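Here is a friendly walk through one protein model, from its overall build down to a few individual side chains. Take a moment with the sequence and the structure, then read on.

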Amino acid sequence: MVQRYQSPVRVYKYPFELVMAAYEKRFPTCPQIPVFLGSEVLRESRSPDGAVHVVERSCRLRVDAPRLLRKIAGVEHVVFVQTNVLNWKERTLLIEAHNETFANRVVVNEHCSYTVHPENEDWTCFEQSASLDIRSFFGFENALEKIAMKQYTANVKRGKEVIEHYLNELISQGTSHIPRWTPAPVREEDARNQAGPRDPGSLEAHRPGSALGPSLEAVSMDGDKLDADYIERCLGHLTPMQESCLIQLRHWLQETHKGKIPKDEHILRFLRARDFHLDKAREMLCQSLSWRKQHQVDLLLQTWQPPALLEEFYAGGWHYQDIDGRPLYILRLGQMDTKGLMKAVGEEVLLRHVLSVNEEGQKRCEGSTRQLGRPISSWTCLLDLEGLNMRHLWRPGVKALLRMIEVVEDNYPETLGRLLIVRAPRVFPVLWTLISPFINENTRRKFLIYSGSNYQGPGGLVDYLDREVIPDFLGGESVCNVPEGGLVPKSLYMTEEEQEHADQLWQWSETYHSASVLRGAPHEVAMEILEGESVITWDFDILRGDVVFSLYHAKKVPRPGAREPGTRASGQLIDKGWVLGRDYSRVEAPLVCREGESIQGSHVTRWPGVYLLQWQMHSPPGSVACSLPGVDDVLTALHSPGPKCKLLYYYEVLASEDFRGSMSSLESCTSGFSQLSAATSSSSSGQSHSSSLVSR
């Protein structure tokens, strides 16, 4: 694989002629560059008017490699041939170099240029590019590649320092100005002497428009290149190879991407996320750009208006800056009813809001960079977990959270500078176990977790936030205007009938289903279980009326006919002619569920077959037992204006070992859910277990 290097534009705030005088001091030896052992001139020529000066040198470089590698290669130094074309009239110096040592095994090419700054003729610009192609090297190709690139980038940085050293030396010696070149009169005799055959390696081969012409065009200045001062000022300190990756990826986008080119700080985030592996960063960035275009994310801040319910109950908002100048976002997750928000506005609206927060975060970082005069590329999040409980760990909510983490990790890499987690309760390790595998390792290193009141005092928040910025609810001095959250009223929960757009309805049906239960017309859901020990989990809310929930097992699939394993059938499914105890059996005791209650539970199956979740309208005691309604009863119920129960439900079938693995850590928590975990863990005994938890 060919390794490439491209430097940014480095600017010397000195005239071209003075920089050239400093450059010539590097030869024939340069003590400031230890690996440069010396050089000798092979050929030299000038144009008749003296405007163009061509020098070809042989340069010896010490091999800075392990002794074993030098012994195997049989060399202590390598030879490069360097050709310099200095044009005083155009004020340019073009440099081309290639290796002579091991040229049949390793190919190194380098192109450099010194040119006049396009906006200030008293400044000089320098650009450098190189390529390394290791074809074979005694089985040490990878080692040689790493050594060569490390040494090359170190010399790149050193080269700029050497030029500045000699510039200072010239100025200290009283040479601060060198006149520009002017054409001298050419005598007729000199002109005749200059005429005649030319050496192929002489000036004729390097005149303007010859083989070196394209190199000048390739490295000439234009208004769309990055200079080193801009990178240092707006993007931060980068190594030479990191600068090269940024420039190469940016150039690739300019040539191939149809549409708006991302900002430099945005490109740099993707490079950092992939440890500056150019191909991986390019792939990640392209996928993100496609995603942004598909979902019109570039217009999100102009078009997104969160629902009033979200503004009231979503407990998050921006709050000044941290001690390093990063924008600070506060999220009071423990006070937020994530389950209620999902049921009231849907997962898609919540995701849209999270995306808008990330877009706003990037915008605030740009503002902080301009305000502080130094690069701010990420923001800090203060996550308050006081109030976090088992309600936050219900499975659909965790699945939605994992989806949001995945979207943010893929499209907003390296935007989180630090995550301060305070007042983490005992249940937090459970949540962390579930989500941490989906968080990038680089991101996880930025997490700081404080339990109890450990965030107070030295080593706590004061190390990262000024005291006047710490919010009042954490004992600080700053009044925080972030919404306090709270429970979302169940009356605000959405149902399918209330959905206005087909796309919202489709997204909603992916998580929750709504159902109406009439007197004499229960709602039933059938699931076919192929393996004995599986786990059926459910979560539902009673929005209106009282219902009785039951779970049944049947050996055959009820109408409306057989279905593929894993698919659901719903409505009224139990056949009228079926007899309880013969055709099907009850495996979950009837549970009376009152209006406003939320029910979560599970059942570890013992036998394969069909399992049916059933909700029917609650009748007075004595009539709860399952006597199946007749056809006339059902028709009467459907056409009568009588009472109707409404509910939202979610269910999932899991392999027993998977469910037990994800919930076993709950046993250490003080919660009713520990019963669920214990029941699941004992499923190997061959018995069928179930558990339901009621919350109001």
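## Contacts and overall make-up

Among contacts between residues at least 6 apart in sequence, 75% join residues at least 24 apart. This is a predicted model, and the protein in it has 696 residues, of which 49% count as buried. Its secondary structure comprises 20 helices and 23 strands.

## The largest pocket

Let's turn to the largest pocket, which holds about 1100 Å³ of space. Its lining is made up of 48 residues, and the closest to the pocket's centre are Leu-331, Val-354, Leu-401, Met-404 and Ile-405. Several elements give two or more residues to this lining, among them the strands β10 (327-331), β11 (379-384) and β12 (416-424). Helices on that list include α12 (338-345), α13 (347-372), α15 (428-435) and α16 (441-444).

Which element gives the most to the lining of the largest pocket? That is α14, with nine residues; this helix spans residues 395-411.

## Helix α6 and its buried side

Helix α6 covers residues 228-235, and its buried residues are Ala-228, Tyr-230, Ile-231 and Leu-235. These four span an arc of only 160° around the axis, so they sit on the same side of α6.

After α6 comes Gly-236, whose phi is positive, near 100°.

## Asp-583, a buried loop residue

Next stop is Asp-583, found in the loop between β18 (569-571) and β19 (584-593). Is Asp-583 buried or exposed? Its relative accessibility is 17%, and the cut-off for buried is under 20%, so Asp-583 counts as buried.

The side chain of Asp-583 takes part in polar contacts. One of its polar atoms lies 2.7 Å from the backbone nitrogen of Val-579, and there is a polar contact with the side chain of Arg-582 at 2.8 Å. Leaving aside residues up to four places away in sequence, Asp-583 touches Ala-554, Lys-555, Gly-577 and Trp-578. With Lys-555, the separation is 28 residues in sequence and 7.3 Å in space, C-alpha to C-alpha.

Thr-101 lies in the loop between β6 (92-99) and β7 (106-116). With 19% relative accessibility, Thr-101 counts as buried. A polar atom of the Thr-101 side chain lies 2.8 Å from the backbone nitrogen of Val-79. Residues up to four places away in sequence aside, Thr-101 touches Val-78 and Val-79.

Asn-87 belongs to strand β5 (residues 77-87). The residue is buried, and its relative accessible area is 10%. What does the side chain of Asn-87 reach? It reaches the backbone nitrogen of Lys-89, at 3.0 Å.

Key
Residues numbered from 1 in each chain as written. Predicted model: local features only at pLDDT ≥ 70, side-chain atom pairs only at ≥ 80, totals over all residues. Heavy atoms only, no water. Buried < 20%, exposed > 50% of the residue type's maximum accessible area, 1.4 Å probe, protein only. Arc of directions from axis to C-beta. Polar contact = N/O pair within 3.5 Å; in protein donor to acceptor, adjacent residues only side chain to side chain. Contact = heavy atoms within 4.5 Å. 1 Å grid on protein atoms, 1.4 Å probe; cavity = no way out; pocket = protein on both sides within 12 Å on 5 of 7 lines; lining within 4 Å. Points joined across faces, edges and corners; volume = space filled by probe spheres on them.
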